[in-house]
Protein chains: 2
Amino acid sequence: MSLRIVQFGLGPIGQACARLALDHGHQLVGALDLDPERVGKDVGEILGRDAVGAEVRDDPAALGEWAPDVVLHTTLSFLDRIEGQLMACIDAGAHVVSSSEELFWPFDRDPAFSERIDRAATEAGVVVVGTGVNPGFVMDLLPVVLSGVVARVDRVDVSRSVDAGRRRGPLQKKVGAGLTEAAFREREAAGGFGHIGMVESAKALAAGLGWDTAEVSETFGPHLADADYRTEHATVAAGDVAGIHQTATVTVDGETRATLTLTMAVGARDEDRVEIAGDPPLTVVVEGGTFGDTATVAAVVNTARRVAGARPGLRTMLEIPAAATNR
Amino acid sequence: MSLRIVQFGLGPIGQACARLALDHGHQLVGALDLDPERVGKDVGEILGRDAVGAEVRDDPAALGEWAPDVVLHTTLSFLDRIEGQLMACIDAGAHVVSSSEELFWPFDRDPAFSERIDRAATEAGVVVVGTGVNPGFVMDLLPVVLSGVVARVDRVDVSRSVDAGRRRGPLQKKVGAGLTEAAFREREAAGGFGHIGMVESAKALAAGLGWDTAEVSETFGPHLADADYRTEHATVAAGDVAGIHQTATVTVDGETRATLTLTMAVGARDEDRVEIAGDPPLTVVVEGGTFGDTATVAAVVNTARRVAGARPGLRTMLEIPAAATNR
């Protein structure tokens, strides 16, 4: 199945999505980006590939002309920044698969936004969905899928541990590797620090498990180094900050029913783990973890084939079929 | 969400499904079974529970009167034995969730059956789907879901290993524990021996991965004991048969792209394992395995809530939403 694809946003993730879409045999019919250095060029040139005969433009009005089946949307994390972009895609009659973390579960954060997008998408007969690895897979979709073979779910504990030392330099900076604890707290107080999407995962997990009265709380803090570490990008002294430690806790009627724990730190073990207490209990380990950079791109591009099988509207990954089967 | 449920088949799995449906807050409005000892009694009595005010009958015509939302169908494994049963459910306007192994992926085994059921279900606006653990989860749905975060799938290897010594006596008998190899081969030649559904899993996996030209081959043989074992139900001497070893291999254009391996034997390790070679590679282990007896029942009952979110017709678990979310 070859789809007409538009890439909305040509940052690193967007470029990787566009390349993978080509590798999957899709047709890249256009791309949107605001960078004047990119606008007017062939998309292939931006990707370091052969020309694909499709142009980068900065005006979403081009979507009507391109008539894509699916837009891969990889611009910004926050709902209040992307509504116009999503509406332009919907107006062009295109499905939207987005890496926006907040779009993975927008219903509680902004009910009015969600209703507007849902109504527009339903009327246009298209699906709008947010996806990724975290949120989008490890802490939400995967445990919900696993719960499908559990008769009674008492409690779910998910942990994702990422060795930031083996990841890109920007990620090590992003998690504060090498800071003193005081500098970390200063940066935290300034805001905009930490991984986005823990609450979204927790809300989706609770909804997927049918916990209608669930409440979610979160914590954020430094993960301190237990030894000295030196990577290509950061030097961390024992006792200083190796990275971040974030949790989201789901309580139902005052009882803790789920915990999500994210550690992204230099020297941390690479592993994802889902433990479902119940009948039968289920312990599932992703050995070596789910490599976020590639997997996020894969999630976006793989979802593009599957959206047509879902009901139009603002959907979640819990409602998108696992596969588009040609049978 | 409380559904009106009919239990079709009151064998051990059917009874467990009916009990779990009650535990999940559904309404049991009737049950079908051919055993004259059960017919005419209250379903609750058969389940060892309080009366539920619903009767066991032997004539599927009762479905029209009961008007269930969903029928839990747990009678027989084979397509040619269940078509009339499924049609009776469809005619009553009920979704069907079945534990029939062959129904998990019936399209290749019996295309004409599949077309008839699909047409009838589509016209009636209901979903018919087969589910379970194996087939239905470990070797098909789970690897397909995991592939959702893999950009390039080179190869998939799934193994399920079950310690038959820790399972029900009938299962130990079913896998031939304690037989000599000669007796095992004799029983094999007589037919009707071995786990059903490996080919169905392999076909579903291939379809879910978009391998349109996939071919599937299978092997079956004894798993020989490496030591003496004695369980409550069987005595196995070293060198005799501890259980079964089955494989299904998926080749695409002559190249092996997936292997499914099932070992059910006394003394075997309890573990499920999915290894996806590709980018990123993914290794997922269900530590201690997925406990088949309970998980199969869970799969059937949990799927009942989710069918209404899928397109009407003969569907597969790859197309059923992961959750029915009330948002």
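Contact is taken here to mean heavy atoms within 4.5 Å. In this predicted model, local features need pLDDT of at least 70 and side-chain atom pairs count only at pLDDT 80 or more, while totals for chains, interfaces and linings use all residues. Residues are numbered from 1 along each chain as its sequence is written, chains are lettered from A and ligands numbered from 1 in the order in which they are written, and side-chain values use heavy atoms, with hydrogens and water left out. By that definition of contact, Glu218(B) touches Met198(B), Val199(B), Thr247(B) and Ala248(B), residues up to four places away in sequence not being counted.

**Chain A as a whole**

- Chain A contains 10 helices and 15 strands, where helices (H or I, at least four residues) and strands (E, at least two) are DSSP runs numbered from the N terminus.
- The radius of gyration of chain A, 20 Å, agrees with the value near 20 Å that a compact globule of 327 residues would have; the radius is taken over C-alpha atoms, and the globule rule is 2.2 Å times the number of residues to the power 0.38.
- Along the principal axes, the C-alpha atoms of chain A fill a box of roughly 55 × 45 × 35 Å.

**Domains of chain A**

- Chain A is divided into domain 1 (4-131 + 295-319) and domain 2 (141-289), with bounds that come from an automatic or database domain assignment.
- The centres of domain 1 of chain A and domain 2 of chain A, taken over C-alpha atoms, are separated by 27 Å, and the contact takes 10 residues from each of these two domains.
- Between them, domain 1 of chain A and domain 2 of chain A bury about 950 Å², 74% of it on carbon and sulfur atoms, buried area being the accessible area (1.4 Å probe) that two parts lose on being put together, summed over both.
- On the side of domain 1 of chain A, Glu101(A), Trp105(A) and Leu318(A) lose the most area to domain 2 of chain A, together 50% of what that side buries.
- One salt bridge is found across this interface of domain 1 of chain A and domain 2 of chain A, a salt bridge being a side-chain nitrogen of Lys or Arg within 4 Å of a carboxyl oxygen of Asp or Glu.
- Arg109(A) forms a salt bridge with Glu200(A), with the closest N and O atoms 2.7 Å apart.

**Interface of chain A and chain B**

- In the pairing of the two chains, 49 residues of chain A are in contact with 49 residues of chain B, and the buried area is about 3,800 Å², of which carbon and sulfur atoms give 61%.
- Two salt bridges are found across the interface of chain A and chain B, and the side chains of Arg273(A) and Glu287(B) meet in a salt bridge at 3.7 Å, N to O.
- Among the elements of chain A that each supply at least two residues of the side touching chain B are helix H9 (198-208), strand E13 (271-279) and helix H10 (292-306).

**Local features**

- The peptide bond from Asn134(A) to Pro135(A) is cis, with omega near 5 degrees, and Pro135(A) lies in the loop between strand E6 (127-130) and H6 of chain A.
- The peptide bond from Asp279(B) to Pro280(B) is cis, with omega near -10 degrees, and Pro280(B) is found in the loop between strand E13 (271-279) and strand E14 (282-287) of chain B.
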